[in-house]
Amino acid sequence: MSENVDALLRRGIQQQEAGRPDLAHSLFQQALRLDPENPDAWHLDGIVAFRSGNLQSAEKMIQHAIEKSPDQPLFRITLGNVLRAQGRFHDALSSYDFALSRDKNATLVHFNRATLLQDMERHEEALADLDALLSLSDTSEGLGDIHALRAESFIALGQRDKAVEIYESALQQQPDHIGCRLGIAETFEVQARLDEALAHTRHVLERASDHWRAACLGATILRRQGNLDDALKQIQAVDLKKIPLPAARQILAENARIHDRRGEFEAAFEKYEAQNRLAQKFASRTPVDKNKYLQQVLELLRYFSSDLPSEWRELPAPSSWGKHPPVFLVGFPRSGTTLLDQILDSHPGIHVVEERPLLLALRDRLRESPEGYPAALGQVNPSRRDELRTLYREQIQNEGFDDAEKLVINKLPLNLIHVGLIHRVFPEARIILALRHPCDVTLSCFMQDFTLNNSMANFLTLKDSAHLYDKVMSLWNAYRALFDIPVYELRYENLIDNFDSEVAGLLDFLKLPWKDEVRDFAAHARARPLIRTPSYEQVTGELHNRSRGRWRNYFTHIEPHLKTIEPHINAFGYDKN
């Protein structure tokens with residue numbers, strides 16, 4: 001029987017490598033019928049499921065393999081990969097750690113753990129794993145990949161010059177290394193050094209004409225340079241059937257952007273829809289659930305639309321926060337928060353903490369209360385409030401923003417839904433609300449190829465995008481009706497038209513003087529470690545108004561959803577024609 005099982009496993013591996021996963025699965029199942037306790041058969045069939053995108057089935061199969069052979073490092077590595085694909089990063093890290101405890105010199109573990117730590121934005125730890133990989137490598141094979149990863153971490157840590165130095169050094173040894181070529185090209189593209197970026201991208205395409213990532217980057221650069229015909233030709237050369245699903249989403253997204261710039265709006269919308277259909281397909285294979293986020297918003301809306309908050313106990317003023325009170329930059333996604341972020345961070349008296357879920361630690365602490373969140377806000381006493389304020393300060397300090405002389409602004413757009421928490425814990429806090437035409441916001445969220453999570457999964461159709469906008473902005477209106485919140489509303493359209501006066505008004509609200517550095521926000525943005533949103537193109541270049549009124553180009557598609565967002569169009573004084 002053992003010989004038969006081994007033969008089936010060998011044939012299954014051959015079929016998997018030949019690109020025939022169904023046949024491989026059939027052979028591995030035959031092996032399991034002969035030997036249900038065979039850990040290798042469970043593991044190999046789990047890999048088939050994983051590569052086919054069936055993540056939950058893959059996890060179950062690999063767990064079966066681990067039950068049969070608990071100390072096998074390879075099984076733990078594969079489990080870590082599956083958990084990581086599900087977004088369960090901490091569980092994946094534990095699996096990698098276990099594998100490393102069994103084999104401290106396992107290069108595969110160091111590699112996978114390093115890339116996971118990068119995804120978790122723990123870059124110092126990632127660099128430690130990558131340095132370990134360098135010390136374990138006895139040949140030049142794979143060194144380019146390691147150096148490319150090291151450069152990515154240095155970029156994230158704000159050391160772009162160090163990253164470019166690593167890329168250039170690696171390319172001297174391996175001139176055709178694709179990872180390093182594309183890494184330096186992407187670095188230059190973000191810095192708006194487009195000619196240099198294009199030269200590196202073309203170097204790759206001359207040697208690998210079907211490389212989807214190079215083709216996508218090349219098309220992006222050409223579009224940014226205004227060479228729309230060549231950009232479209234570049235992107236249309238990619239065969240979507242031959243690339244992974246997330247890559248196909250990126251290709252479709254860039255294809256749509258090019259058509260939009262060419263004024264071919266129906267073709268653009270068709271690509272945006274295709275992009276989102278793929279995103280829906282991907283989400284169906286993961287634990288991502290749009291309704292979880294929507295239900296959170298609806299629960300907050302029900303609570304803050306009731307009489308319960310009016311019964312909260314009054315609290316005395318808290319002790320002074322410091323020289324500057326907390327400030328929160330919020331707004332519905334795609335309302336111009338990233339542009340405001342870059343402008344404000346260029347002011348020498350401001351630090352912007354960008355896209356960090358710092359408030360969630362406070363929310364989760366309140367959820368532990370018997371009343372749960374948000375009801376626990378009504379039971380907060382001065383001692384509990386001080387505890388939450390201390391927790392938030394720790395979050396800020398952990399991000400390295402502990403300069404008492406600078407004003408710290410927490411920028412995370414959808415902190416908008418937690419303004420009740422902000423006001424309760426930080427009554428002195430100031431809110432900056434970014435506004436933009438609700439139709440442009442709804443459309444732009446639908447157009448973006450966001451990294452999928454429970455909140456962003458609400459933007460895969462225009463209907464869902466409009467629905468979430470309505471509920472979030474209705475919640476904002478409930479907050480405004482309940483609380484006396486110091487808030488500054490800044491409209492994207494006004495900022496584009498009257499930059500100096502709008503920024504001056506905002507700085508006055510923040511009690512900070514005008515500084516000319518804010519006018520050079522694009523150069524400041526190009527020097528920042530990492531811009532975590534899809535808006536990097538605008539904030540690293542010249543201001544433009546191409547995004548204003550874009551919804552009118554897609555009116556036939558957005559018209560069915562106007563009724564949903566019309567109350568907010570009227571409330572904010574925007575035109576609906």
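This is a predicted model: local features need pLDDT of at least 70, side-chain atom pairs count only at pLDDT 80 or more; totals for chains, interfaces and linings use all residues.
User: OK, and which residues touch the most other members in the largest nonpolar core?

Analyst: Met473 is one of them, along with Phe304, Phe328, Phe332, Leu362, Tyr392 and Val472. That core has 74 residues.

User: Which helix gives the most to this core?

Analyst: Helix α23, residues 462–482, with ten residues. There's also a second, separate core of 42 residues, including Phe154, Tyr167, Ala185 and Leu222.

User: Switching topic: where's Arg363?

Analyst: In helix α19, which spans residues 360–367.

User: Is Arg363 buried or exposed?

Analyst: Buried, because its relative accessible area is 11%, and the cut-off for buried is under 20%.

User: What does the Arg363 side chain make a polar contact with?

Analyst: The side chain of Asp364, at 2.9 Å. Setting aside neighbours within four places in sequence, Arg363 is also in contact with Gln296, Tyr373, His418 and Leu421.

User: Now pockets. How much space lies in the second largest pocket?

Analyst: About 270 Å³. Its lining has 20 residues, and Trp321, Arg393, Phe401, Asp403 and Val408 lie nearest the centre.

User: Which elements each supply at least two residues of that lining?

Analyst: α20 (382–398) and β3 (407–411) each do.

User: And what's the lining like by class?

Analyst: Eleven nonpolar, four polar and five charged residues.

Methods. Residues are numbered from 1 along each chain as its sequence is written. Side-chain values use heavy atoms; hydrogens and water are left out. Helices (H or I, at least four residues) and strands (E, at least two) are DSSP runs, numbered from the N terminus. Buried means under 20% relative accessible area, exposed over 50%, partly exposed in between (1.4 Å probe, protein chains only). A polar contact is a pair of N or O atoms within 3.5 Å; within protein, one must be able to donate a hydrogen and the other to accept it, and residues adjacent in sequence count only if both atoms are side-chain atoms. Contact means heavy atoms within 4.5 Å. On a 1 Å grid over the protein atoms alone, a cavity is a set of points where a 1.4 Å probe fits but cannot get out, and a pocket is an open set with protein on both sides within 12 Å along at least five of seven lines; lining residues have an atom within 4 Å of a point. Grid points are joined across faces, edges and corners, and a volume is the space filled by probe spheres set on the points. Ala, Val, Leu, Ile, Met, Phe, Trp, Tyr, Cys and Pro count as nonpolar, Asp, Glu, Lys and Arg as charged, and the others, Gly among them, as polar. A nonpolar core is a set of buried Ala, Val, Leu, Ile, Met, Phe, Trp, Tyr and Cys residues joined through side-chain atoms within 4.5 Å.
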